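Please examine the structure shown below before reading on. The explanation that follows moves from helices to individual residues and then to details of the backbone.

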Amino acid sequence: MNASATTPPAIELKGISKAFGPVQANRDISLSVAPGTIHGIIGENGAGKSTLMSILYGFYRADAGEIWINGQRTEIHDSQDAIAAGIGMVFQHFKLVENFTVLENIILGAEGGGLLRPSLARARRTLEELSREYGLDVDPDALIEEIGVGMQQRVEILKSLYRHADILILDEPTGVLTPAEADQLFRILRRLREEGKTIILITHKLREIMDVTDTVSVMRRGQMTATVRTAETNPEQLAELMVGRKVLLRVDKAPARPGRPVLEIEGLRVRDDKGVERVKGIDLTVRAGEILGIAGVAGNGQSELLEVLGGMRPGAGTIRLNGAALPLHGRGADGQARRAAGIAHVPEDRQREGLIMEFHAWENVAFGYHHDPAYQRNALLMDNAAIRADTERKIEKFDIRPADPWLSARNFSGGNQQKIVVAREIERNPDLLLVGQPTRGVDIGAIEFIHKQIVALRDAGRAVLLVSVELEEILSLADRIAVMFDGRIMGERLPQETDEKELGLLMAGMSGEAA
Amino acid sequence: MDKMPKWADVVLIPLISLLLATILSALVILGIGEDPIAAVKIMFDGALGSTYGWGYTLYYATNFMFTGLAVAVAFHARLFNIGGEGQAMLGGLGVAMACLYVPWPHWSIALLAAGVAAMLFGAAWAAIPAYLQARRGSHIVITTIMFNFIAAALLNYMLVNVMRPEGSMDPATERFPAAVHLPTLHELLAPLGIGFSKSAPANVSLLVAIAACVLVWALIWRTRLGYEIRAYGHSETGARYAGISPFRITMIAMLISGALAGLMAINNVMGEAERLVLNSTEGAGFIGIAVALMGRSHPFGVFLAALLFGFLFQGGAELALWSNIPRELIVVIQALVILFTGALDNMVRMPLERLFLALGNRRRDMGEGAPLPERKPTQPTE
């Protein structure tokens, strides 16, 4: 941290405000980031972090406020202005051309001439220098589609450095990385800091903030609520600043008392829409009264596993529920049949699967259970009044806000949308509950509540299969952990006998013995 | 928070669109040196000024209700059925067969049978594109358009080679027997002591069309099938999650849609022409698309939009008759209304949404700070 009183801040935001219609995404935000530091911005989904960074990168124009870069008032109208001001951005979803090489991707948009060959030669030399200087190893001739996500992220960082960025913004950079890859990224970030770069790290993970940042700003509801030195704070305080009240970061639960097997999976194989085999023969058992957590980096077959169990996709192999085999394709294997068999499903993507966003809350409460006789008035008509009454009950019990059955799902916050899904599924008291990413994009307060509900179902003697890419969530919620990599189960561990490091190695495909 | 109140979406946008279309039409009429006020007067007098005019307006509106509902039902399943024209033609074939080949004792039984035949034929014609979409992924817009041409060719063949009475030079069937004559509004209203033009073609089918509006409303918003159709229309992955079969919904929605389009034939073939002629549909299948768009795929909206287009059709015909405005220009005027109310929806919608947002903001700034909804603005970058 070489910021001194005489050097102006690398970035200074003064009174930034931005509204999207009625939504005040940013309200009078001021921020000062010293050069050569790693500055974390933490906040819940929808707190306005991404909007703020989009203003800094020129995607949005602020309604009010000023941006100062290195002591100079700077107008940023588009990303070209941002790049010219020395700002580089690494997005959560990479912007790379899959069938281009690393080198081609790096010069894309900065070719520097009409002819490709001399530009590529020049870029190759620059790239070698950059790689050496910052310890960023990449093969310039590898195709993007053939390298891993960690490597792809490095390409994104190199793209910014190639454009002479002195300020790097990383938006949720570890979402797709294994813990080991994340550690590697943090090493790169520290190296960049040593070389004098300024880094802004946007994340909702407290651990990352504590690990790598020098200072941290907390955003809540579009406002900057605090900026503190990382060394002088702790996760509990940050969580409280994010949510605005004290929160329980650990899941409070009694030891599990597993009973008879509820779900038995043998030799399950699943193909995705393109016909690629994503689940390559797995065996799993989930018992009554336990939560089995499936850990793994996104895209290693967990989604397909959930989809087969939930009746959204055909598969091959054997699945038994309470000892009875379930069909894996055809009419008897659809979502209706699964629900009838006693499987409830909180899907990974609540907006595309679990809810119809245009439907009212009460219509969504019947979603998937619209054949329930309690919801029918007679052979022809549905009993909408009964559904609404049921919705009122669930709104009350699960504290869904606003408490309005007529509101469209779209108009609830992420946490309350998820509560609608969780209420609908858990209140069916299923034998087996499938849960995918239960707290993705959900605010901390609602996370606490949803976790409690899942544990309560377990304590009632039901089986729960939990899929999450958040290792912390798996470690604190699951009673037993199976790690999935490339469509296979790499090993099973008990949460009290393992740690993030060991699970991380399994998630990266190293076998249990090597760990 | 929705961007603007529902009433603005449902009422204001169609009205503004209509107003814009009217203004532009007036300019066009001025441009050829005619008087737009006089033209409007002719249209109103011709379409609504007499029971004769009303009889035609309602006759056209009946056609458009059927085809508009057909498009609307499919649209709820996010299927764009452009094939209403062909399905209505096939419906005509069904009506003609039912009326010509079976001796019916009374018009009411004949109407029932002809209606069923019309629906079956229309549904069958929609079933093939539906199957191709559901199983093979062939785009329903393309296939239904192609099926319109096939329907026209088929009808041509049937009328020229099969159903034409011997010795006739006219590619049409013979006249339906008198027993299947449907009561016109004149005959229906006379017992009530209400005088109605004798020569206007509006008939009992209008009541069937209104009943169809009510039934479609109940189907879409009150039945499980309607729930599934809407869910599938909003999100196919959501439907898969809920165990709603995309194949089943695609087939059923298109069958209902085709049946509704086919049912139009009880009005134009059985009620008006009383025989099957070439081009009996007169483009009503396509007007149905505009009617459904303007009616926001809601049966009540379809009802109102069908009345409007009925007015435009009848008023336009009168205009061609009583003014120097050439027939082609009247088609231009009708097309302008379709263009504005159907296709250029966003042109009116977006400024209006911005206006409502601005109004909403001002109101909020004066009041307390509203809690921030979670919904994130869409990142232009992702």
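Helix 14 of chain B is mostly covered, for 17 of its 24 residues are buried. In this predicted model, the helix comprises residues 299-322 and reaches 34 Å from its first C-alpha to its last, close to the 34 Å expected at 1.5 Å a residue.

One residue of this helix deserves attention. F311(B) is found in helix 14 of chain B. Is F311(B) buried or exposed? A residue counts as buried if 20 or more other C-beta atoms lie within 10 Å of its own; F311(B) has 22 other C-beta atoms within 10 Å, and therefore it is buried. Leaving aside residues up to four places away in sequence, F311(B) touches A47(B), L48(B) and T57(B). The C-alpha atoms of F311(B) and G53(B) are separated by 8.8 Å, although the two residues are 258 residues apart along the chain.

Helix 3 of chain B is mostly covered, with 24 of its 26 residues buried. At 1.5 Å a residue, its 26 residues should span 38 Å; the end C-alpha atoms are 36 Å apart, which agrees. Just after helix 3 of chain B, R78(B) takes a positive phi of about 50°.

On the side of helix 3 of chain B, T67(B), A70(B) and V71(B) take part, and they meet G84(B), Q87(B) and A88(B) in helix 4 of chain B. By class, this contact of helix 3 with helix 4 of chain B has 3 nonpolar, 3 polar and no charged residues.

A further contact joins helix 4 of chain B to helix 5 of chain B (residues 107-136), where the axes come within 7 Å and cross at roughly 145°. Among the residues that make the contact are G91(B), G94(B) and A98(B) of helix 4 of chain B, and A114(B), A117(B) and F121(B) of helix 5 of chain B. The residues of this contact of helix 4 with helix 5 of chain B divide into 16 nonpolar, 5 polar and no charged.

The last part of the explanation concerns the backbone of chain A. Most residues other than glycine have a negative phi, and most peptide bonds are trans. N70(A), however, has a positive phi near 50°. N70(A) is placed in the loop between strand 4 (64-69) and strand 5 (72-73) of chain A. With 17 C-beta neighbours inside 10 Å, N70(A) counts as partly exposed. N322(A) likewise has a positive phi, of about 50°, although it is not a glycine. N322(A) lies in the loop between strand 14 (316-321) and strand 15 (324-325) of chain A, and its 16 C-beta neighbours inside 10 Å make N322(A) partly exposed. Finally, a cis peptide bond joins R401(A) and P402(A), with omega of about -10°. P402(A) has its place in the loop between helix 13 (384-397) and helix 14 (414-426) of chain A.

Note on methods
Residues are numbered from 1 along each chain as its sequence is written. Chains are lettered from A and ligands numbered from 1 in the order in which they are written. This is a predicted model: local features need pLDDT of at least 70, side-chain atom pairs count only at pLDDT 80 or more; totals for chains, interfaces and linings use all residues. Two residues are in contact if their C-beta atoms, placed from the backbone, lie within 7 Å. Helices (H or I, at least four residues) and strands (E, at least two) are DSSP runs, numbered from the N terminus. Ala, Val, Leu, Ile, Met, Phe, Trp, Tyr, Cys and Pro count as nonpolar, Asp, Glu, Lys and Arg as charged, and the others, Gly among them, as polar. The expected span of a helix is 1.5 Å times one less than its number of residues. A residue is buried if 20 or more other C-beta atoms lie within 10 Å of its own, exposed if 12 or fewer, and partly exposed in between; C-beta atoms are placed from the backbone. Axes are lines fitted to C-alpha atoms, for helices over the stretch in contact, and angles run from 0 to 180 degrees between N-to-C directions.
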